Amino acid sequence: MLSKEDISRQLTTNWAARNLIYKDETGSTNDDARILGEEGAAHGTLVVADMQKTGRGSRGRSWETPSGTNIAMSLLLRPIAPPDKISMLTLVMGLSVAEGIEDAIIEKRDRSLSRSTLMDFSREILSETKYYPQIKWPNDVVIANKKICGILTELHMNPDNTINNVVIGVGINVNMTEFPEDIRDIAGSILTTTGVKVDRSTVVACCMKRFEENYEKYNRSFDLTLLRDNYESRLINRHKLVKILDPKGEYEAIAHGITNTGALIVSNEEGEEFEINAGEVSVRGLYSYT
């Protein structure tokens, strides 16, 4: 069940989602959060909708959220970081959602299985299976090579070039089982990839807990220094050959990890290492989406 009461009951955060706005239906949670930001809403305000009709994905794509199955949510932040450091928050959220989904799956199993059986489904075992939530750089969360989450970060500036607020929109396919034909090959949900039906309110609460923890680490240096190891451990294409989709021309490279500022470190066939940035190019698996 997804409701304000259920989410609030499960929250263990200090500030993330403590000002919680729930809607049965909306056009875009990012738009809702932006308006709340203009009206002075607090840092950590979270807008959650059961149904979203005109959500936005990356590169101008649409992201619809049908009722009763998925999560559409947008988190309003008022960062103290400088504007040129804000793009890293997209990676912070990607890591937080991957960790939060894992927490929700473990919690579901903890409730469902006996203690003796649970020993066979520990977090360590989960990390060695196809059910482990991973990240396709920079911020797509994938399970079993299927995209289950998209993230869109929007920075809103004041006329004097200071930051007014940042809105991070998150769409998570939770219990959805049918997908539009044009994305069927790449999209999945927590349910279709793991066989585990999790409570959407639990997923929201778990993701917010992880984000609050990770945001505090980011705030110490305004980069990913303290999060880099955890992020790289989930990087699905690490040490693999990938296709770099550059407007200047496609090429292949080996992905190695990320820098402290979130750039992807790759090397060409001559072994030369260089960095690529998310705003400039995108990355695909050599033969598939991942």
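Predicted model: local features only at pLDDT ≥ 70, side-chain atom pairs only at ≥ 80, totals over all residues.
Residues are numbered from 1 along each chain as its sequence is written, and side-chain values use heavy atoms, with hydrogens and water left out.

Start with the whole chain. It has 8 helices and 13 strands. Helices (H or I, at least four residues) and strands (E, at least two) are DSSP runs, numbered from the N terminus. Of the 290 residues, 52% are buried. Buried means under 20% relative accessible area, exposed means over 50%, and partly exposed lies in between (1.4 Å probe, protein chains only). Take the contacts between residues at least 6 apart in sequence: 67% of them join residues at least 24 apart. A contact here means heavy atoms within 4.5 Å.

Now go inside. In soluble globular proteins, nonpolar side chains tend to be buried together. Leaving aside neighbours within four places in sequence, I172 is in contact with N70, I71, M73, V97, I101, I148, C149, I190, V203 and C207.

Next, follow helix α7. It has 22 residues and reaches 32 Å from its first C-alpha to its last. That is close to the 32 Å expected at 1.5 Å a residue, where the expected span is 1.5 Å times one less than the number of residues. D199 caps the N-terminal end of α7: one of its side-chain oxygens lies 3.2 Å from the backbone nitrogen of S201. Just after α7 comes F222, with a positive phi of about 55 degrees. F222 is not a glycine. Its place is in the loop between α7 and α8 (228-233). F222 is partly exposed, because its relative accessible area is 22%.

The aromatic rings lead on from there. Rings of Phe, Tyr and Trp (its six-membered ring) pair if their centres lie within 6.5 Å; planes under 30 degrees apart count as stacked, over 60 as edge-to-face and the rest as tilted. By this rule there are 5 aromatic pairs. The ring centres of W15 and Y215 are 5.4 Å apart and their planes stand at 70 degrees, so this pair is edge-to-face. W15 lies in the loop between α1 (4-10) and β1 (20-26), and Y215 in helix α7 (residues 200-221), so the pair ties together parts 200 residues apart in sequence. Both W15 and Y215 are buried. Y215 also pairs with Y218, and this pair is tilted: 5.9 Å centre to centre, 35 degrees between the planes. Y215 and Y218 are about one helical turn apart, because they are 3 residues apart in helix α7. One aromatic cluster is formed by W15, F211, Y215, Y218 and F222.

The loop that holds W15 also holds A17. A17 has a positive phi of about 70 degrees although it is not a glycine. A17 is buried, with a relative accessible area of 1%.

Two more spots deserve a look. D32 is found in helix α2 (residues 29-38). It is buried, because its relative accessible area is 13%. The side chains of D32 and K23 are joined by a polar contact of 3.4 Å. A polar contact is a pair of N or O atoms within 3.5 Å; within protein, one must be able to donate a hydrogen and the other to accept it, and residues adjacent in sequence count only if both atoms are side-chain atoms.

Finally, turn to W137. A cis peptide bond joins W137 and P138, with omega about 5 degrees. P138 is in the loop between β5 (134-136) and β6 (140-143). R284, in strand β13 (residues 282-285), is 147 residues from W137 in sequence and 9.1 Å from it in space, C-alpha to C-alpha.
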